[in-house]
Amino acid sequence: MTHGAILLTVVIGVELAVGCRTGLAQTPEVLLRDGGRALEARDFARAQQLFSALVKQSPSALNFNYLAMAEAGAGSLDQAIVHFRRSIELGNDSPEAHYRLGLAYIGRRLSKEGISELRLAVAKDPRLSSALYALSAALLDAGRPSEALSYLEQARERSPKDAKIWASLVRAQFEAGNAKEAIETADRAVEALPDEADLDVALADVCFQHHEVQKARHLLESASELLPKDPNLKLLLAKVSLEAREPVETLAVLKEAPSSIGAPGEVAFLRGSALALGGKLDEAATELSKATDSDPRNAKYLVAYAWVNQLQGRYKEALTPLSKARQLDRHAPIVLYRMALSHFVMGQYALAAETCDEALRLSPGFAPGYLLLGVVTLESGHVESAQAALQKGASQQPALPLLHTELGAALFMERRFKEGKRELDKALLLDPKGADAYFWRARVLARQGSTEHAISDLETAVVLQPGFANAHHELAELYSVRGDPQKAAAALAKEKEARATKAGDERQRLFEILDDLFL
């Protein structure tokens, strides 16, 4: 259930608890009185029984309204809709009647009808804050955030201390594509309600969902200052800190966290993942092993344990937990992606490509799958296939620099130098520290006769990545072309030194780059 739908459910519950307090015995007056009391007590089944009897004796607009409220509270939404409509037909054309009918439609997932009724309620009484908020939540859930904004602004003006309205307004601004405005609104919300930890948490959740991880972390830190002993808040902060790739912060938050909080094994999972990010692989493996022992059917824990195995160079061993994860979650492309990474580093290119294809059948929009498929097919010499995969990935996720780098490399291999340079320029615009993009652009420039520019790019590449053996090799050749034998000899010596280490292994180096896409 979405955030807006949950809020609407709460609204329904609150509204349906309201009733009448008057009446006597088996007469209409007594049925009305007892039905109202049942509504107040949230005994919706009894209220429904009493109001059903009441409308048989007195089928008025008001009585049908009460019956519909009881039916909605009991979950009989189809009946509630019929009786709300009957109440309106009999003359109860009030904003509240349309509001409650709108809520019933929304509860039945009939968003078009629900939104129409809620709009009518707001048109009849623009001061009806509950209808304003319900309408904005329904529009958000229907994927119409721009329409929701004006209603949320009105609701906020009427209720400036309502945390849920602030959080929904920020969400609507994000979903309408106004990220900068959303961040500014979040800051204003915190200023308006500085002591509301729940608001900080709600805003953090919205920011996190829209990839503003650092903002989410800062909000959770503020909430944690307000509630320093709340273990669940610490767990949330640890999760967001891990997502922000801040292992030291994650471990600091978890330092005093009891292992019992969260889901079984969750604290060990977070701690192990943070340790792995910090390079403490043996300790990470121990913690992640604890996590998988606590919940052997948690695919996420198994993938993390496999990841640490891969970081330790145990690519074959990583396939065992990944196979288990695959059995548990056959729709997660990340499992197949990690399996393909192991196959790639072990030189099993055909198996790696096949696994990538399977991941992409599961999730055609999974851009990293196209990237890895492109790398694998490029390494195995199938340049045209690699280019097709990389172009597909770049069209789906144009902000991923490595896709442009590898596509540039594929175009270079086809001697399409002008197009290749254009892709490599894009890659470096997205990531000015991309050593591979400098390397491949240098090769393009060298073929175009721009030797000095090529040397400059290669020198940048080896500064960014000193163990880049192929870059040192190309640099040695270009120094020789320029007539600089001393520099050429030094570059060859660095190439030899790099190849003697793990950093000089091209597959291992590419694994490290590809691995960084996911925890």
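Thr377 makes contact with His382, Ser385 and Ala386, once its neighbours within four places in sequence are set aside. Contact here means heavy atoms within 4.5 Å. Thr377 sits in helix H22, residues 367-379. Helices are DSSP runs of H or I with at least four residues, strands are runs of E with at least two, and both are numbered from the N terminus. Thr377 is buried, at a relative accessible area of 10%. The scale is simple: buried is under 20% relative accessible area, exposed is over 50%, and partly exposed lies in between, with a 1.4 Å probe and protein chains only.

The model is predicted, so local features need pLDDT of at least 70 and side-chain atom pairs count only at pLDDT 80 or more, while totals for chains, interfaces and linings use all residues. Residues are numbered from 1 along each chain as its sequence is written, and side-chain values use heavy atoms, with hydrogens and water left out.

Turn to helix H18, which holds Leu302. Leu302 counts as buried, with 7% relative accessibility. Not counting residues up to four places away in sequence, Leu302 touches Thr292, Pro296, Pro321, Lys324, Ala325 and Leu328. Gln26 is 276 residues from Leu302 in sequence, and their C-alpha atoms are 64 Å apart.

Tyr301 is in helix H18 and Phe269 is in helix H16, so their pairing ties together parts that are 32 residues apart in sequence. Why is the pair of Phe269 and Tyr301 stacked? The ring centres are 5.2 Å apart and the planes meet at 25°, so the pair meets the stacked criterion. Rings of Phe, Tyr and Trp (its six-membered ring) pair if their centres lie within 6.5 Å; planes under 30 degrees apart are stacked, over 60 edge-to-face, and the rest tilted. Phe269 and Tyr301 are both buried. By this rule the count is nine aromatic pairs. Ring pairs also link Phe412, Phe417, Phe439, Trp440 and Phe468 into a cluster.

Which helices supply at least two residues each of the lining? They are H12 (197-209), H14 (231-243), H16 (266-277), H18 (299-311) and H20 (333-345). H12 gives the largest share, seven residues. By type, the lining divides into 19 nonpolar, three polar and eight charged residues. Nonpolar covers Ala, Val, Leu, Ile, Met, Phe, Trp, Tyr, Cys and Pro; charged covers Asp, Glu, Lys and Arg; the others, Gly among them, are polar.

Next, the backbone. Most residues other than glycine have a negative phi. His211 has a positive phi of about 65°. His211 is in the loop between H12 and helix H13 (213-226), and is exposed at a relative accessible area of 70%. Arg415 also has a positive phi, about 65°, and is not a glycine. Its loop runs between helix H24 (401-413) and helix H25 (417-430). Arg415 counts as exposed, at 62% relative accessibility.

Ala476 is buried, with a relative accessible area of 3%. Beyond residues up to four places away in sequence, Ala476 touches Ala488, Ala491 and Leu492. Ala493 lies 17 residues from Ala476 in sequence and 9.3 Å away in space, C-alpha to C-alpha.
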